[in-house]
Amino acid sequence: MDAVVDCFAGQPRQDPLKYTVDPGAAAQAQLEVEGFGNGAIKLTEDGLIENITKVQRLAMQPLSDSLTYFADDKGKKKPASYKPGARVNLDVEMETGTGKTYVYIKTMFEMHKRYGWSKFIIMVPSVAIREGVAKSIQMTAEHFQQEYGKKVRSFVYNSKRLHELESFSSDSGINVMVINVQAFNASGADNRRIYDELDDFQSRRPIDVIAKNRPILILDEPQKMEGPATQKALPKFNPLFILRYSATHKTIHNKVHRLDAVDAFNQKLVKKIRVHGVETKGLSGTNPYLFLHRIDTSSAAPVAFVDIEVKTKTGIKRVPRKLEQGRDLLDMSKGLEVYRGFTVSNIDARDDTVHFTNGDVLHAGEASGDVTERDIRRIQIRETITAHLEREQVLFARGVKVLSLFFIDEVVKYRDYGQDDDKGEYACVFEHEYEQAVADLLSELPLENVEYRKHLEGIDVGKTHRGYFSIDKKGRMTDPKAAARGELAGQSTEPSDYDLILKDKERLLSFDEPTRFIFSHSALREGWDNPNVFVMCMLKHNESQNTISRRQEVGRGLRIAVNRNGERMDHPATVHDINVLTVVASESYKGFVTGLQKEIAENLSARPQLADADYFEGKSLKTGDLELVLDKTLAKKLERFLIKNDYVDDDGHITEAYHDARKSEELAALPEDLEEHRDATFALIDTVFSSAALNDMLSDGRAPKKNKLNDNFDRNEFQELWRRINRKAVYQVDFDSNALVKTCIDRLERDLSVAPLQYLVTEGTLSDGVTDEQLRSGDAFVQGKLRTETGTSAHSRVSYDVIGAICENTDLTRRTVGEILGGIQTVKFSEFAKNPEQFIADASHMIQEQKATAIIEKLTYDALEERYSSELFTAGETGNDFKKATDKLKNHVYDYAIVDSKIEREFVKDLDTSSKVIVYSKLPRGFLIPTPVGDYNPDWAIAFKEGGVKHLYFVAETKSDLPSMKMRELEQTKIKCARKFFDEIGRRINEDQVKYDVVTNYSDLMALVKAVA
């Protein structure tokens, strides 16, 4: 939002401009209607380009050197000369599922607040997107009213309801029209009405009324609107300027923001992706049928879940079975000769394989023998149901409803009107496999899961799946052209399906609504998504003929999930435990992932490819109020740092070693003159494309992912430790506002010093006898004199709300900030005029520091009766990255510990071999301590034995002692708050205190233990 709005910095706020709507000849000038349009852009061309390039520089995007204009009706570019109000295009790249609709709705409010612009048109390429946008505006209305004190008046354009367009023009508030491109670029008579003089519209043309408003156009998925008809139509709307939002721009104009797939994943704004591949394997000879679902490591020895054929009284059937080492499939199949020699010799959980005595090897997700396409589809459907139920078990208690989405190749496979019950092949297979899977789950479900059991038993199989398709051979769905116009919005096989799937997201996400599985053809491939899609299944006839990209399909399920209250499940500590999208593909894991990564990489082509001095030079590093521009020397130093630590390969590409060190927070110390900007430096390096960065986004869904809770969890010592720390609490900060005002005044009086803007002027002369090589390298000039000139702010003519700006930066009231600024000497405040931007930034930072000190000093905690449930540990069994697992442990509450660094790995090794440690646990990520600067998740809970029966209980945070790993200010504040939490909670409930501290290794820990023993 800032990236777009800041492009118009310095634009004066204007009330909507009044104009008289021409009533048309038929009204004989008897009716005069007032309209309110957007005021013109008052910035000069240079001012606008300066703003845009400033935004682009901060976003590390290519800089624009001119504005981008429309093509005119004849397809020619507008002249390069600029006049106020000329049409400019701004591109915003946002990955699917990161909330671009929310962003541009917020941007409209901010545009109105800062500049007074109030007329907006949102253009979309399809009915599905149109309905989603309209729903988003409706759902966020109350939220934005609380933030901005206003509501938008919005409507979907319909040529039969032109009174809504009349209101759009005559209302002076924030007005939004949503329109799909078919409403103005198709050839049908109804679509052309927008260009016709209409008797029922006072002989006016709707397009002329729209153009009078000088609307701001917002294009959602503009790459789908680049056809000649749409491009020719855009100038007719007479837009003030155009904002373009997409994850995959085809044509680049002035890109002011980028949030691509890698950024979105690293910032935890989208789900992780787990892939279940299904592939076939031919065997020689008699071809016995086998399919390996997965390998389970939760028992003492690995167990394989396979499908085999079994002889029964009614014939040969394919059934699921568990295999242990030594099992003979000949016996298990009741004597089928095709399985002779198939005795399990080894089950290897490390690479998900089952080995047989005859030399055959079966991989997870692999079907062998007589496998038909129908078999593959049945396996996929079953895998989808199984994955759905696994996620549902974990998320039901958290109030998160799980949805699954099937993409199918033919509508008739799901809904077949030639059958008495209208059910196609896939619908029948689904219902059979679903009933079997639920029966199996209920037989294994722990008795204490009463609510989830009741929920499952209360859902009828026939009501838990629905379909949405854009066409229907029997005419039971809307004609596609009518659907495109939005007059008879595309319906599915039942009238309610369209409304439920496309419009009524609240009901679809309610546990009272039984629909959990959705079948669709291509109608939901883009423009529709639902935050609670957790499983997707690709039931395709032929992957090679698939014209819909994997990325488009996967994008339908990347949005962060919400609970029954509509709250996003996006807490940084647990976001990727909860938000995992499982994709069941009709190809191997490797094949699907390779294809998906290739598509993602192709859309990352705008990123720089090499981490070298040429790219780093000229980039700006900003840390707080300090800014450093990398010159040639510093850029070369950074390049050498990457080479020295093997963070780049010989060609300058980022290596896996860099990403591993980045994740484990074990990056080497930077050169001294860059260390102060450590975070900003590595953020710059992260902007370089790296194929290794894509690896973390995707995982193999068949890899072992259960970390079993063992008997240590039930030990009295651990249960007592857990009881002492699992109390939830609230904090209160009760500091004296007058004291805060005084300390802030003292600090500003002492340290605030605003320097006037200075410009460094360098003189140089051309060398004698200069060569072509010197000219090309930039070494042809000899530096001469340096002189400094003082000037004023480039934006000194802009009116500043200095109190409001500092309030926004510090989260203090206007009254408090006013008292602070009013208390400093006049001569000190007069420095504001020298450099307003620096004054606001420096004053905000100093006030924040004083506020943080006051928070720690006056922070208190009160224990609540509510406690964290031990289900946090159960939820921790799934979704683990076993690449980070330790060896099997004896004193840990899980069989393995999933560690994030070498420090943690060594720490676990010492804990597990210590004679002093009774039991310990890596605390689950859902265990959180509230603090004023964000929730905090400690690392370890440890119970020690000390002197006979006495026990000591300790909570520890492990941090490196390397100078380069000094904790960030935010981390330090959280740790200070945690110390108060553990000190006060025990004291307030009259129990021995649990000790808490930060350690770098086991020796540090034992020194602390002895000190309190």
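Student: How many cavities of 30 Å³ or more does a search of the whole structure find?

Tutor: Keep in mind that this is a predicted model. Rolling a probe the size of a water molecule over the atoms shows where empty space is left. Searching the whole structure with a threshold of 30 Å³ or more, the count of cavities is four.

Student: OK, which elements give two or more residues to the lining of the largest cavity?

Tutor: That cavity has a volume of about 100 Å³. Its lining is made up of E95, A261, F265, V270, K271, I273, R551, V554, L558, L596, I600 and M697. The elements giving two or more of these are α11 (261–266), α19 (550–554) and α21 (589–602).

Student: And by class, how many charged residues does the lining of the largest cavity have?

Tutor: Run down the lining and you'll meet E95, K271 and R551, among others. Glu, Lys and Arg count as charged. By class there are nine nonpolar residues and no polar ones, and the charged count is three.

Student: Switching to helices, are α31 and α34 roughly parallel or oblique to each other?

Tutor: Helix α31 (residues 802–810) packs against helix α34 (residues 836–857) with axes 9 Å apart and an angle of about 45 degrees. Roughly parallel would need an angle under 35 degrees, and roughly perpendicular starts at 65. So α31 and α34 are oblique.

Student: What is the handedness of the crossing where α31 passes α34, and how many residues of the contact are nonpolar?

Tutor: The crossing is right-handed. On the α31 side the contact uses V802, A805, I806, N809 and T810, while α34 brings F839, I840, A843, S844, I847, Q848 and K851. Four of the contact residues are polar and one is charged, and the nonpolar count is seven.

How values were computed. Residues are numbered from 1 along each chain as its sequence is written. This is a predicted model: local features need pLDDT of at least 70, side-chain atom pairs count only at pLDDT 80 or more; totals for chains, interfaces and linings use all residues. Side-chain values use heavy atoms; hydrogens and water are left out. On a 1 Å grid over the protein atoms alone, a cavity is a set of points where a 1.4 Å probe fits but cannot get out, and a pocket is an open set with protein on both sides within 12 Å along at least five of seven lines; lining residues have an atom within 4 Å of a point. Grid points are joined across faces, edges and corners, and a volume is the space filled by probe spheres set on the points. Helices (H or I, at least four residues) and strands (E, at least two) are DSSP runs, numbered from the N terminus. Axes are lines fitted to C-alpha atoms, for helices over the stretch in contact, and angles run from 0 to 180 degrees between N-to-C directions. Angles under 35 degrees count as roughly parallel, over 145 as roughly antiparallel, 65 to 115 as roughly perpendicular and the rest as oblique. A crossing is left-handed if the near helix is turned anticlockwise from the far one by less than a right angle, and right-handed if clockwise. Contact means heavy atoms within 4.5 Å.
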